[in-house]
Amino acid sequence: MKIRLATRKDLGSIRRLHTEFYDDEFPFPTLNKALEALVTVEDGEVTGFGVVRELAECVMILDQNRSSRARVHQVNSLLPYAYAVAQEAGHDGVHTFVRSEKFERILKKHFGFTNSQGQVLYRSV
C-alpha cells in the first residue's frame with residue numbers, strides 16, 4: 001500500500017468509495033478548508049481517502065448564575081458574530097460542543113442547531 005496526496009484525478013474513485021460504502025452515513029465531504037487530502041493506493045487503485053479540514057467552533061462561556069432568559073440573550077448576541085466570522089473564513093457552518101442537555105435543547109429550539117451525523121470523537125496530538 002502507498003499513501004500520497006490526493007489529486008483531482010482521484011475524485012471519481014473517492015466518490016465511488018463514498019457512494020458504495022458511506023452514502024447513507026454522511027454527505028460527500030467538501031474539500032473546502034482542507035489542510036491536506038491523502039489517498040491510499042493498492043495495485044494502482046485508490047482504496048482509501050482522508051482529509052484534514054479546519055472546523056469552525058463556537059465556544060461560549062456564560063455566567064450560569066444569570067437567568068435562562070439572560071443567557072439566551074447572550075447567545076443571541078454572540079452567535080451572529082460567530083456565523084459571520086465562520087462564513088468570512090470560508091466555512092459553511094459552526095460547530096459547538098455541549099454537555100448540558102438543557103443548553104442543547106435551547107440551541108436546537110431557538111438557534112437552529114442540529115445533531116451532526118455520527119459520534120464526535122477527539123484525540124489530542
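## Close-up views of a predicted model

View A. Glutamate 104 and lysine 108 both belong to helix H3, 4 residues apart, which is about one turn of the helix. Helices (H or I, at least four residues) and strands (E, at least two) are DSSP runs, numbered from the N terminus. This is a predicted model, in which local features need pLDDT of at least 70 and side-chain atom pairs count only at pLDDT 80 or more, while totals for chains, interfaces and linings use all residues. Residues are numbered from 1 along each chain as its sequence is written, and side-chain values use heavy atoms, with hydrogens and water left out. Glutamate 104 counts as partly exposed at 27% relative accessibility, and lysine 108 is partly exposed with a relative accessible area of 33% (buried means under 20% relative accessible area, exposed over 50%, partly exposed in between, with a 1.4 Å probe and protein chains only). The structure holds 4 salt bridges.

**View B. Arg16, Glu20 and Glu45 are linked in a network of salt bridges.** Arginine 16 pairs with glutamate 20, their closest N and O atoms being 3.4 Å apart. Both residues lie in helix H1 (residues 11-21), with 4 residues, or about one turn of the helix, between their positions. Arginine 16 also meets glutamate 45 in a salt bridge of 3.4 Å, N to O. This second pair links distant parts of the chain, since arginine 16 is in helix H1 and glutamate 45 is in strand E3, 29 residues apart. Arginine 16 is partly exposed at 36% relative accessibility, glutamate 45 is partly exposed at 45%, and glutamate 20 is exposed at 51%.

**View C. Helices H2 and H3 pack at an angle of about 60°.** Two packed helices are described by the angle between their axes and the distance between the axes. Helix H2 covers residues 68-88 and helix H3 residues 101-111, and their axes are 11 Å apart. Axes are lines fitted to C-alpha atoms, for helices over the stretch in contact, and angles run from 0 to 180 degrees between N-to-C directions. H2 and H3 are therefore oblique to each other (angles under 35 degrees count as roughly parallel, over 145 as roughly antiparallel, 65 to 115 as roughly perpendicular and the rest as oblique).

**View D. Aspartate 43 lies in the loop between E2 and strand E3 (45-53).** Although aspartate 43 is not a glycine, its phi is positive, at about 50°. Aspartate 43 counts as exposed, with 86% relative accessibility. Valine 41, in strand E2 (residues 34-42), counts as buried at 15% relative accessibility. From valine 41 to leucine 55 the C-alpha to C-alpha distance is 27 Å, and the two are 14 residues apart in sequence.

**View E. Ile3, Leu5 and Leu38 make a nonpolar surface patch of about 270 Å².** Patches are made of residues with over 30% relative accessible area and no salt bridge, where like charges are joined within 9 Å and nonpolar side chains (Val, Leu, Ile, Met, Phe, Trp, Tyr) within 5 Å. Accessible areas come from the Shrake-Rupley method with a 1.4 Å probe; for residues, only the protein chains shown count as cover. Leucine 5 is part of strand E1 (residues 2-5) and counts as partly exposed at 49% relative accessibility.

Key
Salt bridge = Lys/Arg side-chain N within 4 Å of Asp/Glu carboxyl O.
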